[in-house]
Amino acid sequence: MKICLAGQGAFGIKHLEAISKIDGIEVVSLAGGSPDSTKEAAEKWQIPHWSTNYEECLQQPGVEAVILTTPTQLHAKQAIQAMRAGKHVMIEIPMADTLKDSEEIVKVQKETGLIAMAGHTRRFNPSHQWVHNKIKAGELKVLQMDVQTYFFRRTNMNALGKPRSWTDHLLWHHSCHTVDLFMYQTGEIVSQCFALQGPKSPTLGIAMDMSIGLKVPSGAICTLSLSFNNDGPLGTFFRYICDNGTYVCRYDDLFDGKNNQIDVSKVDVSMNGIELQDREFFAAIREGREPNASVRQALPAMQTLDRLEQFMDANP
């Protein structure tokens, strides 16, 4: 299967690393924003074609699918452009930064019948899969998810420490992971929600601290704290408080409530969540089925983010 990767930044590289471990997939074109860094990445990963012209990359011979790791503000336009060109598409999280754009993506997917998937990696991390399998088997029921998403940011840099051409967002980017995961693990749509945000950065123009509360009809709740001011361990840490145990996920590692590590190495064929996410995308294309984390399945998270944004606008 020949694919195009759009985006030569930190997450583009993560997908190239993941794809290198998957048989039968060839990245034949790299669409980037900066000529120098795009050329450098294409040469390093032996990608035969690269361009800063996204349309040109879509038109490369044999391209069946596109993975978008471009700035969030481009996701909707580029996803729709890919589907209109007859290409399947995976859109890194979030699939858009407005509900309207998210709904348009879902509409075009329905019209074209192509595979369109959102990059909700948490659904695929073995640690979260382990919890999900226990829930499906009836062995666990989530009562509360307590989640911390913490970074330290003073300048607009990406995960590789390079300047970013766009600004990410605690609500529309980072909370999207947890909002989707909470509904995925409970199997319910958020019925109540609220959010509070701290002062906006005078240089970045975004809120640097945020608190979000979610509830589903069964009564399960989610408490999510996010910060760009945390000068300490970085990343997202999940605590599942369940009716039959407590579990803590730190990326792909899983611990019980007493900090005993649980072996999740046999949960799936890899311990790399992005690789597992990519495998699902390619398998859905080959099998002609809806993927886990399809844009249709991801839409309730975007609807919830919109509600949270409206709440904060009404309660500054």
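## Helices on the sheet

In this predicted model, helix H6 (residues 126-136) lies across S7, strand S11 (235-242), strand S12 (245-250), strand S13 (253-256) and S14. The direction of H6 is at about 50 degrees to S13.

Helix H7 (residues 170-186) also packs on the sheet, where it touches S7, strand S9 (209-215), S10 and S11. Between the directions of H7 and S10 the angle is about 160 degrees.

## The sheet

The sheet is open and has 8 strands, arranged in the order S8-S9-S10-S7-S11-S12-S13-S14. Its pairing is mixed. At the edges are strand S8 (192-197) and strand S14 (261-262), each of which pairs on one side only.

Strands of a sheet pair through backbone hydrogen bonds, either parallel or antiparallel. Strand S7 (residues 142-150) and strand S10 (residues 221-227) run parallel and are joined by 7 bridges. Met145 has Cys222 in S10 as its bridge partner.

## The pair of helices H5 and H9

Two packed helices are described by the angle between their axes and the distance between the axes. For helix H5 (residues 99-112) and helix H9 (residues 295-314), the axes come within 9 Å and cross at roughly 165 degrees. H5 is therefore roughly antiparallel to H9, an angle over 145 degrees being counted in this way. The crossing of H5 with H9 is left-handed.

On the H5 side, the contact involves Leu99, Ser102, Glu103, Ile105, Val106 and Gln109. These residues meet Val295, Arg296, Leu299, Met302, Gln303 and Asp306 in H9. By class, this contact of H5 with H9 comprises 6 nonpolar, 3 polar and 3 charged residues.

How values were computed:
Residues are numbered from 1 along each chain as its sequence is written. This is a predicted model: local features need pLDDT of at least 70, side-chain atom pairs count only at pLDDT 80 or more; totals for chains, interfaces and linings use all residues. Side-chain values use heavy atoms; hydrogens and water are left out. Two strands pair if DSSP finds at least two bridges between them. Helices (H or I, at least four residues) and strands (E, at least two) are DSSP runs, numbered from the N terminus. Contact means heavy atoms within 4.5 Å. Axes are lines fitted to C-alpha atoms, for helices over the stretch in contact, and angles run from 0 to 180 degrees between N-to-C directions. Angles under 35 degrees count as roughly parallel, over 145 as roughly antiparallel, 65 to 115 as roughly perpendicular and the rest as oblique. A crossing is left-handed if the near helix is turned anticlockwise from the far one by less than a right angle, and right-handed if clockwise. Ala, Val, Leu, Ile, Met, Phe, Trp, Tyr, Cys and Pro count as nonpolar, Asp, Glu, Lys and Arg as charged, and the others, Gly among them, as polar.
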